[in-house]
Amino acid sequence: MWALRYAALLFLRTNGCKTKSYISTNILCVFARYNNIRHKMPYSVVERGCQNSFEYRVYFRNENGPISPFHDIPIFAEKKNKVYNMVVEIPRWTNAKTEINTKEPLNPIYQDVLKGKLRFVANCFPYHGYLCNYGAIPQTWENPYEVDTSTGCKGDNDPIDVCEIGYKVASLGQVLQIKVLGTLALIDEGKTDWKIIAIDINDPLADKLNDVEDVDKHMPGFLQEFAEKVIAEAYHYWQDLIQNKVDKGRLSCSTVCLNDSPYKINIEEAENFIKQSHESGPAMPYNQTVNKWHFIQLK
């Protein structure tokens, strides 16, 4: 358990979180066995603009055409075995703070901007950039109108975040199939920001992780139920969002695959959104201070 807490604190420091944050008392791992499920997901990405620029975008496609990674990729890769999909927004060891743009049509990945500058995360020695593959579970939404009963704060208006701790370095826009291990609760500027801890089901350790067996022994089922409850609640809120049962505010809910949604668009419209974006090109130079080491002391 101390190792998970240590990793969580490192994540907070690396992420540059200067707001009030806490590690929930529910930072507990949940483990289940899977029968080495293997999936080939029919998704590809299209890069537009230049990396390290304000115009850079990564769009998603399936076998039929453009899709939204927020709304059109299913929450489950295999519901029976509780295998979830994860959209990789930031590959491990990279610095660019890239994420799903929830406000643009088709919700491409873009590089976040803070105070007029592209965001990069700092390096906490001996690590470089993000300590894990970081991303989101599609078809989830942390509702900004509802108070989370576990944190006492409303949601942050984003999909649920995931920290995937397997050994492979994923690629930007890759869709992984993950096993849920536990959850962190952060309070960021007074908003609930859940972080799901997970591992790629194809990782060699996926069936072997088991360092909180005493908790599971005395509270059987509690750990798994709590982590999955967080995801299920966010999925329920997303269903209300995509069906126009709640105010979407500035969010873009355009979907290509959900025929019963009032926000459905056709493939031709989706293709036009991509064509209107900037042409792809070589990566732009960036300030090399991004590569500077920072040293922290954990107390």
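Predicted model: local features only at pLDDT ≥ 70, side-chain atom pairs only at ≥ 80, totals over all residues.
W194 is buried, at 2% relative accessibility.

**A buried ring pair**

W194 forms an aromatic pair with F226. The arrangement is edge-to-face, with 5.9 Å centre to centre and 70° between the planes. The two residues come from distant parts of the chain: W194 lies in strand β14 (residues 191-200), while F226 lies in helix α3 (residues 222-242), 32 residues apart. F226 is buried too, with a relative accessible area of 11%. Both values count as buried because the cut-off is under 20% relative accessible area.

Strand β14 is mostly covered, and nine of its 10 residues are buried. Strand β12 (residues 161-164) pairs with β14 in the parallel sense, over four bridges. In this pairing, C163 stands opposite I197 of β14. Strand β13 (residues 175-188) runs antiparallel to β14 and is joined to it by 10 bridges. D188 has K191 in β14 as its bridge partner. β13 and β14 form a hairpin with two residues between them. E189, in the turn, has a positive phi of about 55°.

The structure holds nine aromatic pairs. One of them joins F125 and W293, again edge-to-face. A pair of aromatic rings is described by the distance of the centres and the angle of the planes. The table gives these values for the two pairs described here.

| Pair | Centre to centre | Angle between planes |
|---|---|---|
| W194 and F226 | 5.9 Å | 70° |
| F125 and W293 | 5.4 Å | 85° |

F125 has a relative accessible area of 43% and is partly exposed. W293 counts as partly exposed as well, at 37% relative accessibility.

**A patch on the surface**

F125 and W293 also belong to a cluster with F295, linked by ring pairs. F125, W293 and F295 form a nonpolar patch on the surface. Together they have about 360 Å² of accessible area.

Definitions and conventions. Residues numbered from 1 in each chain as written. Heavy atoms only, no water. Phe/Tyr/Trp six-rings, centres within 6.5 Å; stacked < 30°, edge-to-face > 60°. Buried < 20%, exposed > 50% of the residue type's maximum accessible area, 1.4 Å probe, protein only. Patch = residues over 30% accessible without salt bridge, like charges linked within 9 Å, V, L, I, M, F, W, Y side chains within 5 Å. Areas by Shrake-Rupley, 256 points an atom, 1.4 Å probe, with all protein chains shown as cover. Salt bridge = Lys/Arg side-chain N within 4 Å of Asp/Glu carboxyl O. Pairing = 2+ DSSP bridges.
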